[in-house]
Amino acid sequence: TISRLIPLLENNEYSHYPIVVDAGLHGNMYEALAALVPNREIIKVRLLHSIKIKEAIYPSHICSCREQEFIELRNSIVLADIPRLKTMVKIIKQNMNILPQEPRRKIFLTRGTGSRNCINSAEVTAYLQQSGFESVDCSKLNFSQQVQIFSEAKIIIAPTGAACTNMIFCNSGTHILTLHHGGHEKGIII
């Protein structure tokens, strides 16, 4: 995760080091990196290709955790470094010129396709739009648009999925309702 780069940002000794990443990442990951480290060179390396480097720093999961919190998620324990995530969000918002504001938007995250779609999506969307919700499909937005929307959200209703990761950009007090199926159904019915 990109929050592992925070120790490098906190230490000017490594400020001239480029960041080497997989060339196969989703475009939003490159945008997130550019927002976190706007003046840092990012080198994309394709699968089965190599580059020659003199020295490297690898911020591992273990060394990046200074204040760890354990979160139970689906019968698993997840290690999260909440202070570092908060620092990352603050830096990204500052570099993207997203100013603090009172959350006001009511967002319903939609999905183009997939098993986590609501079976009765059209009815749910129509009902929520009548209740003042905006339908948003994150797959059609760039990273900065997603950060902006989540930063302005007062309420978010969303099926589980990758778009929910953006909830870290919500302000404190944002109400979030995630929709998920019980495991054996073919979709979500609301």
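Which residues are linked in a network of salt bridges? Arg-104, Arg-105, Glu-134 and Glu-152 are, where a salt bridge is a side-chain nitrogen of Lys or Arg within 4 Å of a carboxyl oxygen of Asp or Glu. Before we walk through them, a word on the ground rules. This is a predicted model, in which local features need pLDDT of at least 70 and side-chain atom pairs count only at pLDDT 80 or more, while totals for chains, interfaces and linings use all residues. Residues are numbered from 1 along each chain as its sequence is written, and side-chain values use heavy atoms, with hydrogens and water left out.

How confident is the predictor? The protein chain has a mean pLDDT of 82, and 80% of its residues reach 70 or more; pLDDT is the predictor's confidence in each residue, from 0 to 100. Over residues 63-67 the pLDDT is below 50, although this stretch has 15 contacts in the model beyond near neighbours in sequence (contact means heavy atoms within 4.5 Å).

Now to the charged residues. Side chains of opposite charge can pair when their charged atoms come close. The structure holds three salt bridges. One of them joins Arg-104 to Glu-152, at 3.5 Å from N to O. Arg-104 sits in the loop between helix H3 (82-95) and strand E5 (105-109), and Glu-152 in the loop between helix H5 (143-151) and strand E7 (153-159), so this pair ties together parts that are 48 residues apart in sequence. Helices (H or I, at least four residues) and strands (E, at least two) are DSSP runs, numbered from the N terminus.

Glu-152 also meets Arg-105 in a salt bridge, at 2.7 Å from N to O. Because Glu-152 lies in the loop between H5 and E7 and Arg-105 in strand E5, the pair ties together parts that are 47 residues apart in sequence. Glu-152 is buried, with a relative accessible area of 7%, and Arg-105 counts as buried at 16%. Here buried means under 20% relative accessible area, exposed over 50%, and partly exposed in between (1.4 Å probe, protein chains only).

Arg-105 has another partner in Glu-134, with the closest N and O atoms 2.6 Å apart. This pair links distant parts of the chain, with Glu-134 in strand E6 (residues 134-136) and Arg-105 in strand E5, 29 residues apart. Glu-134 is partly exposed, at 30% relative accessible area.

Finally, look at helix H5, which is the place of Gln-146. Gln-146 counts as buried, at 5% relative accessibility. Leaving aside neighbours within four places in sequence, Gln-146 is in contact with Asn-28, Cys-138, Leu-141 and Asn-166.
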